Amino acid sequence: MAEITADNIDAVLRRQLDAINTSVESREVGTVIQIGDGIARIDGLKGAMAGELLEFLGEGNELVYGLAQNLEEDEVGAVLLGDITTIKENDQVRTTGHIVEVPSGRDFLGRVVNPLGEPVDGKGPIHAEGSRPVEFRAPGVVERQGVNEPVQMGILAIDSMIPIGRGQRELIIGDRQTGKTAIAIDTIINSKGKDLICIYVAIGQKASTVADVVETLERFGAMEYTIVVCASAADSAPLQYIAPMSGVAMGEFFIYNGADGEPASETNPGRHVLCVYDDLSKQAVAYRQMSLTLRRPPGREAYPGDVFYLHSRLLERAIKLSDKNGAGSLTALPIIETQAGDISAYIPTNVISITDGQIFLQSDLFFQGQRPAVNVGISVSRVGGDAQIKAMRQVAGSLRLDLAAYRELQAFSQFGSDLDKATQDQLNRGARMTELLKQGRYVPMPVEEQVVAIFAGNQGFLDSLPLASVLRFREELLQFLRASHADILEAIATEKKLTDVIIEQLKAHIAGFKEQFSVEE
Amino acid sequence: MKTSAVNIRAKAEVYARVLLEAAQASDRVFVLTGELAELLATVRGSLELRSALSEATFPEQAKKAIIAEIFSDYAPELLATFEVMVERGDLATLPRVCEFYYALAEEALGAIILDVSTVVPLDEELRQQIITKYSSQLGRGVLLREYIDPDLIGGIVLASHGKRIDASVSSQLENARQVLSLSQ
C-alpha cells in the first residue's frame, strides 16, 4: 500500500475521491430462491451472461461475489465465491456486466495469494498493475510460433530424454507419493536466473503441504520469481475450480507485458512463465461437485460432459508467442494423480490427450530407489526435442532407445545366465546409465553438467566401475571439472554443442579424473 | 409427455389468467400486483411456511388456517387462488404465476408498473415528474407502486421488469466505502 505522507496526502485524497462513482447505477436484479452447498438459484437476471460475476447483497449489506453458471429459462444457477453464510433466500442479486477477473502485476512475485488474488501470506496488500480475466480465449495460430527454447528442468532423466520447451504443455502423472510435486519444485528452483517466472497453483492440497512448498522455495531463494496461488482443501469447490485459471491469468500478465510493465512487442519482449497446476485431478473433482449440485447431468465417473473442455481451454492458454507479439511464453506443467497406476481413467486420458507429452512416474521404480521415478519407456515429449540444445542431442540422442533395449535384454536375461560378451556389455552399460540418471531432491543440475555426465556414460568411463560408485563418480567428476576445468563447462554452456575440441578435452579430463578416482570409499 | 418446466408454465398461465379475470371483476388488477409480489416474498423468505404448505400429509384445513392467519389482509380472490395452488400441490408455480400475472396486468392496464422506493412519501409534483419522464421514455403509461424504505437514507430507487435504477444515498455511500477500502 502506498504510504500516505504530508506531501502526498492531497494527491492520494484526490485520486481516491475521483475513483468514487456517484452516478446513478442501472443494474439487472434478481432474487435468491435457494441457497446451499455453495450454490445459489436465482429468480430473474434474464440478461445474465455465462460466467458473469454476480453481486449478492447479504446480511448487513455485505457483498458476496458469485459466478453465473447455469442460464435457464426462468432462473440462473450460480456458484458463490465468498462467505455463503451471509446469504439467505429473498436476498438481492445484481449483475455486474463483466466476467471474473484477478488482479495481476509484478508485485505478486514472492507472494502467496488465493484464487481471487487476495494475499494470504500476511505480508500486507499487493499493488496490482492491472487485472486479467480468469476465463480468457487462448490466442490463435497467427499469434503463436513453434516451441524453440528449452525450459531446462534441471533433472537429468527429463532434460536428456523428455526435454520440455518454453510454451509446451507437459503432464506429470503418477500415483500418490511418487515425486510429482518434487519434479515441479525442482524445476522452479532450477529456474533461478533463467528469466523464467514461476506460478505454482496448489489445488485442494493440505495448507500444511503448501506451507512446506513455500518454505522450500524460500529456502532456495526461488520465491522472488514465484507466485503461489493456493486453494487449499478447506476452500470451497468454486475457488478450487477457478484456481488454475487464476494462476494462468496472473502468468499472462507477464507474457503480454515486458519487464517494464508495458505491453510486449517486437521491441519490448514478453517474459517467460512456467505454470504448475498441482493438481488438476482435484480441480476436476471440485468441478464435478459444483456441476452435480448445479444439477447438470453426470457423465463418465459422474464428471460433467464438459470436463474435457475445462482442461483443454485451460491448457490451450500455454503458448509461445510470435516474435511480433514479444516472443513471451507460458509453459504448463499440469499434474494428475492416478489411482494404482490407472492411466485409463477418465481425467488422466483426457489430460494425456490434451498435453504435448507426459512424464510418467511409477511407484515400483520409486521404491526400487530409482528417483526421480520416471518411466522413460512410456514418458514422452512431443515437441520438446526442437527446444533441446545441440550438445544434449549429441550425447542423449540414442539414450532412450539404448535404455529401452537394455530393459528388454534385462527381462530376457533373467531366464538364463549364459550370455555372450556383447549382451553382457550392453546390460552392464544399461545398468550404469540407469544408475547415472538417479538424482536427489532439490539438487537440479545445469545442462552443461548433465551433458558431461551422460557423455561420461556414453564413452564407457563408467563401465568398469562398480554400480554403487556411479553416482559418487558423477558428483566428484562434476566437482573436479567445476574446480579445475570450469572453462570446458562454460564452453558447453555458451556454444551449446560439443565440438571436436571439446570432445577431446572432455575425454582427456574424464580419463584423468578416473585415474585418480578411488572406487573404495 | 410434457417436461415439468413446460407443465409449470402451463399451469401458471391458467392461475394467472383466472386471477386477472377475478381482479378485473373487482377492479383490483393493480392492487393485486403488489399483493402478489409480497406474497411471493413471504413464501420465499420462510422455509417453515413453504414446508408446511407443500407437505402432503398436512391436513388441508390446517393449511387454509395458516393462509388465512398470515395473509388475512390480502384480496379474497388472491387468497382463493393461492389456496387452490396449495391444495393442488402447485406451490412451485408461484414465481411463474407472478410473472404471467404481471404481464397480463400490464397489458390489461395499458401501462408499465414501476416500483419506486424512497425514504419519505412522494409528493404529487415528484410523482407526476416520474410518470411523465418514464411515460415518454417507454412510450406507454406508467403506474407507480410506492414503497417507503428508511435504509436508503436518501435518493430514489426505481425498479421494473428485473431492471433497477439505483440513485439512493446508501448505495452511493456503499460504493464510496468499497472504492476507499480497495484503493492503494
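Colleague: Is A:Ser232 buried or exposed?

Modeller: Residues are numbered from 1 along each chain as its sequence is written, and chains are lettered from A, ligands numbered from 1, in the order in which they are written. This is a predicted model, where local features need pLDDT of at least 70 and side-chain atom pairs count only at pLDDT 80 or more, while totals for chains, interfaces and linings use all residues. A residue is buried if 20 or more other C-beta atoms, placed from the backbone, lie within 10 Å of its own, exposed if 12 or fewer, and partly exposed in between. A:Ser232 has 20 C-beta neighbours inside 10 Å, so it counts as buried.

Colleague: Which residues does A:Ser232 touch, leaving out those up to four places away in sequence?

Modeller: A:Ser232 sits in the loop between strand E12 (226-231) and helix H5 (237-255) of chain A; helices (H or I, at least four residues) and strands (E, at least two) are DSSP runs numbered from the N terminus. A contact needs two C-beta atoms, placed from the backbone, within 7 Å. A:Gln205 is 27 residues away from A:Ser232 in sequence, yet their C-alpha atoms are 5.0 Å apart. The residues touched are A:Ala202, A:Gln205, A:Lys206, A:Ala207 and A:Val210.

Colleague: How much of chain A is buried?

Modeller: Let's look at the whole chain. Its C-alpha trace spans about 85 × 60 × 45 Å along the principal axes. Out of the 521 residues of chain A, the buried share is 46%.

Colleague: Over to chain B: how far apart are the end C-alpha atoms of helix H2 (residues 29-45)?

Modeller: The expected span of a helix is 1.5 Å times one less than its number of residues. For the 17 residues of H2 of chain B that should be 24 Å, which agrees with the distance in the model, 25 Å.

Colleague: What arc do the buried residues of H2(B) cover?

Modeller: The buried residues are B:Val29, B:Leu32, B:Thr33, B:Leu36, B:Leu39, B:Val43 and B:Arg44. They lie on the same side of H2(B), because the arc they cover around the axis (from the directions from the helix axis to the C-beta atoms) is only 135°.

Colleague: Which element gives the largest share of the side of domain 1 of chain B that touches domain 2 of chain B?

Modeller: Chain B is divided into domain 1 (2-106) and domain 2 (110-182), with bounds from an automatic or database domain assignment. Here 5 residues of domain 1 of chain B are in contact with 5 residues of domain 2 of chain B. H2 and helix H6 (94-109) of chain B each supply at least two residues of that side of domain 1. The largest share, 3 residues, comes from H2(B).

Colleague: And which element gives the most to the side of chain B that touches chain A?

Modeller: Across the two chains, 22 residues of chain B are in contact with 27 residues of chain A. H2, H6, strand E4 (163-168) and helix H8 (169-182) of chain B each supply at least two residues of that side of chain B. With 7 residues, the one giving the most is H8(B).
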